[in-house]
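Thanks, everyone. I'll go through it briskly.

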Amino acid sequence: MVALLGSVVVAIGIGTVAVPITQTWAFLRAGLFGGTIGAEDAGHYRIIWDIRLPRVLLAVIVGAGLATVGVAVQAMVRNALAEPFVLGISSGASVGATAVTLFGIFASLGIYALSIGAFLAALAATTIVYLVARTRQGLTPLRLVLTGTALSQGFFAITTVLVFQAPNGEAARAALFWLLGSLAGANWGALPVAAIVIVAGVFLLVALAGRLNALAMGDEAATTLGVDVTRLRVFLFVACSAMTGVLVAVSGAIGFVGLILPHLVRLVVGADHRRVLLVAPLAGAVFLVWVDVAARVLAAPEELPIGVLTAAVGVPAFLILMRRRAYVFGGA
């Protein structure tokens, strides 16, 4: 928590226009508790309060949400390679976001058009995945993974066709940039809904930590411990899908956070979900705050897609984990 708070304050001051940490802290105090800002500092204050603070807070929300959903999905499907996007929700959301970006669907909604289009498409993808994967025995891990993977490829194909049909090159570039993940569209209007959904989802999953421990041991073991596996898996699917849909709607498809962070946290605190689910949101938030800083400054004044940087960090981290013989994927 200390690392997260420190990261937020420091990250707000970093960018194309550097603001000293003392001045950043003064601006934050003025914005939160009231105060007077001199005319010569008005420009810097607007940069800090209206542009960077919403962006950094969104990075906290998205990082925490992706890491938490990653932990839950890996337990739900008992697969060390599972991540928030394995269920096909993000690919479905990408179809909606691409259609909004390229063809102006929901244009009457203004700045909220992209988020609403992505969320509605994610909701439709969730419904399709559930209906296809569901059997009389409920949702089984294998069917969930296979259905999500297959539909992800289908949604990706639709997205590719839409990009190729883009009316101009700039629209296609904007769509591709969003598909790789970006927090550039952060604003105060996008934060409340995302924060409420993610915070509520984190608390719900923390409350289910004991049942996730049982589920990770297998359906038979969980059943003998009194866990209704079918109901629990359906609940987890709905909760994770809702959280993923909201995250993709506000930030695009940011990969590797939900895959790598759960394994790194398990290296530190062990496999008990009662500890993992307390640490993973904080670790994910700190990680994405600094990845977003790198995205803003490495190619300034241009901005790099966050998904490129998370992959650049995630791939080496994953390979190092594979070489560690003492670590068992999935936290066995």
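**Walking through the model**

Start with Thr-310, which lies in helix H14. Keep in mind that this is a predicted model. Is Thr-310 buried or exposed? Its relative accessible area is 0%, so Thr-310 is buried. What is Thr-310 in contact with, beyond its neighbours within four places in sequence? Ile-254, Gly-255, Phe-256 and Val-257 are on the list, and so are Phe-287, Leu-288 and Val-291.

Now helix H3, residues 42-77. At 1.5 Å a residue, its 36 residues should span 52 Å, and the end C-alpha atoms are 51 Å apart, which agrees. H3 does have a kink, though. The bend is about 40°, at Arg-52, shortly before the proline Pro-54. H3 is mostly covered, with 28 of its 36 residues buried. Arg-78 follows H3, and its phi is positive, near 50°.

On to salt bridges. The count comes to 8.

One is within H3. Arg-46 and Asp-50 meet at 3.2 Å, N to O. They are 4 residues apart in that helix, about one turn. Arg-46 is partly exposed at 48% relative accessible area. Asp-50 is partly exposed too, at 32%.

Next, Asp-292 with Arg-55. Their closest N and O atoms are 2.8 Å apart. This pair links distant parts of the chain: Asp-292 is in helix H13, Arg-55 in helix H3, 237 residues apart. Both partners are buried. There is also a network of salt bridges here, linking Arg-55, Asp-292, Arg-296 and Glu-303.

Then back to Arg-78. Its side chain meets that of Asp-219 in a salt bridge of 2.9 Å, N to O. Again the link is between distant parts: Asp-219 in helix H10 (residues 219-224), Arg-78 in the loop between H3 and H4, 141 residues apart. Asp-219 is partly exposed at 26%, and Arg-78 is partly exposed at 40%.

Last, the surface. A nonpolar patch of about 750 Å² includes Phe-103, Phe-106, Tyr-112 and Leu-123. Which helix gives the patch its largest share? Helix H5, residues 113-133, with 4 residues. Phe-106 is in the loop between helix H4 (89-103) and H5. At 35% relative accessibility, Phe-106 counts as partly exposed.

Methods. Residues are numbered from 1 along each chain as its sequence is written. This is a predicted model: local features need pLDDT of at least 70, side-chain atom pairs count only at pLDDT 80 or more; totals for chains, interfaces and linings use all residues. Side-chain values use heavy atoms; hydrogens and water are left out. Patches are made of residues with over 30% relative accessible area and no salt bridge: like charges are joined within 9 Å, nonpolar side chains (Val, Leu, Ile, Met, Phe, Trp, Tyr) within 5 Å. Accessible areas come from the Shrake-Rupley method with a 1.4 Å probe; for residues, only the protein chains shown count as cover. A salt bridge is a side-chain nitrogen of Lys or Arg within 4 Å of a carboxyl oxygen of Asp or Glu. Helices (H or I, at least four residues) and strands (E, at least two) are DSSP runs, numbered from the N terminus. Buried means under 20% relative accessible area, exposed over 50%, partly exposed in between (1.4 Å probe, protein chains only). The expected span of a helix is 1.5 Å times one less than its number of residues. The bend at a residue is the angle between axes fitted to the seven residues ending there and the seven starting there. Contact means heavy atoms within 4.5 Å.
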